[in-house]
Amino acid sequence: GGTPTISGNLTVSVSSTAYPITVPHLGNTGGTSGNLDALDDRLFAAHLRNGRLWTAHNIQVNSSGVASSTGARNGSRWYELQNLTTTPTLRQSGTVFDSAASNPKSYWIPSILASGQGHVAMGFSTAGAANRINAGTVGRLSGDSLSTMQSPVDYTASSTAYNPAGDTGVDNGFRRWGDYSYTCLDPNDDMTMWTIQQFCDAAN
């Protein structure tokens with residue numbers, strides 16, 4: 001590989017972002033301190049494919065999916081960057097979010113991946129004041145319009161609440177959750193994609 005070097009800082013312009021909020025969840029008995037910690041707005045696992053970089057993070061958005069410090073929900077923003085060997089630029093990006101006017105669901109702690117065919121899968125945690133804590137996923141086909149995803153779905157169906165004794169206040173005053181998200185390719189075919197998240201499968 002020769003002698004590794006590192007470039008200077010590179011700037012890529014993207015749409016505005018906003019720090020995520022903690023996530024309310026159905027059955028929460030801890031008040032605001034029982035909300036789930038969405039961590040922060042750092043970029044999560046980056047994936048290189050065919051000379052392009054895919055990555056995602058969670059941000060606070062409003063009912064239109066626009067970053068807002070009063071948005072009352074978290075969305076999962078994703079990016080595809082190109083021209084990595086010269087001057088990187090944004091090829092496309094989008095935000096998976098809930099447009100509900102009240103009791104919106106949050107999508108947070110995302111991971112994203114592109115297959116050998118150019119299709120994309122993303123996984124994340126989902127919850128809201130009217131929704132249990134579940135694992136969700138969404139995808140796009142290589143021929144879909146740029147900057148679009150299909151409709152997100154929960155792939156678990158929790159019927160239980162998460163209120164473990166002594167858990168409130170352990171992480172910045174909120175319940176630690178969700179920084180376990182991984183989306184990967186099956187090496188047998190370079191097409192099948194797997195995504196893994198947390199969900200509440202039994203009380204607490």
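Colleague: What should I know about the numbering and the model?

Modeller: Residues are numbered from 1 along each chain as its sequence is written, and side-chain values use heavy atoms, with hydrogens and water left out. The model is predicted: local features need pLDDT of at least 70 and side-chain atom pairs count only at pLDDT 80 or more, while totals for chains, interfaces and linings use all residues.

Colleague: How many aromatic pairs are there?

Modeller: Two aromatic rings are described by the distance of their centres and the angle of their planes. Here rings of Phe, Tyr and Trp (its six-membered ring) pair if their centres lie within 6.5 Å; planes under 30 degrees apart are stacked, over 60 edge-to-face, and the rest tilted. That rule gives 3 aromatic pairs. One of them joins Trp-54 and Trp-78, with centres 6.1 Å apart and planes at 20 degrees, so this pair is stacked. Trp-54 belongs to strand β2 (residues 52–61) and Trp-78 to strand β3 (residues 73–82), so the pair ties together parts 24 residues apart in sequence. Strands are DSSP runs (E, at least two residues), numbered from the N terminus.

Colleague: Are Trp-54 and Trp-78 buried or exposed?

Modeller: Both Trp-54 and Trp-78 are buried, that is, under 20% relative accessible area (1.4 Å probe, protein chains only; exposed is over 50%, partly exposed in between). Tyr-107 and Phe-124 form an edge-to-face pair, 5.2 Å centre to centre with 75 degrees between the planes. Tyr-107 is in strand β5 (residues 105–114) and Phe-124 in strand β6 (residues 120–128). The relative accessible area is 8% for Tyr-107 and 0% for Phe-124.

Colleague: What does Ser-125 touch?

Modeller: Contact means heavy atoms within 4.5 Å. Ser-125, in strand β6, is buried at 0%. Leaving aside neighbours within four places in sequence, its contacts include Tyr-107, Trp-177 and Gln-198.

Colleague: What lines the largest pocket?

Modeller: Rolling a probe the size of a water molecule over the atoms shows where empty space is left. On a 1 Å grid over the protein atoms alone, a pocket is an open set of points where a 1.4 Å probe fits, with protein on both sides within 12 Å along at least five of seven lines; lining residues have an atom within 4 Å of a point. The largest pocket has 14 lining residues, with Val-12, Leu-43, Thr-55, Tyr-79 and Leu-81 nearest its centre. Strand β2 gives the largest share of that lining, 3 residues.

Colleague: Which residues line the second largest pocket?

Modeller: Among them are Arg-49, Trp-54, Glu-80 and Arg-140. β2 and β4 (89–96) each supply at least two residues of this lining.

Terms used. Helix = DSSP H or I, 4+ residues; strand = E, 2+ residues; numbered from the N terminus.
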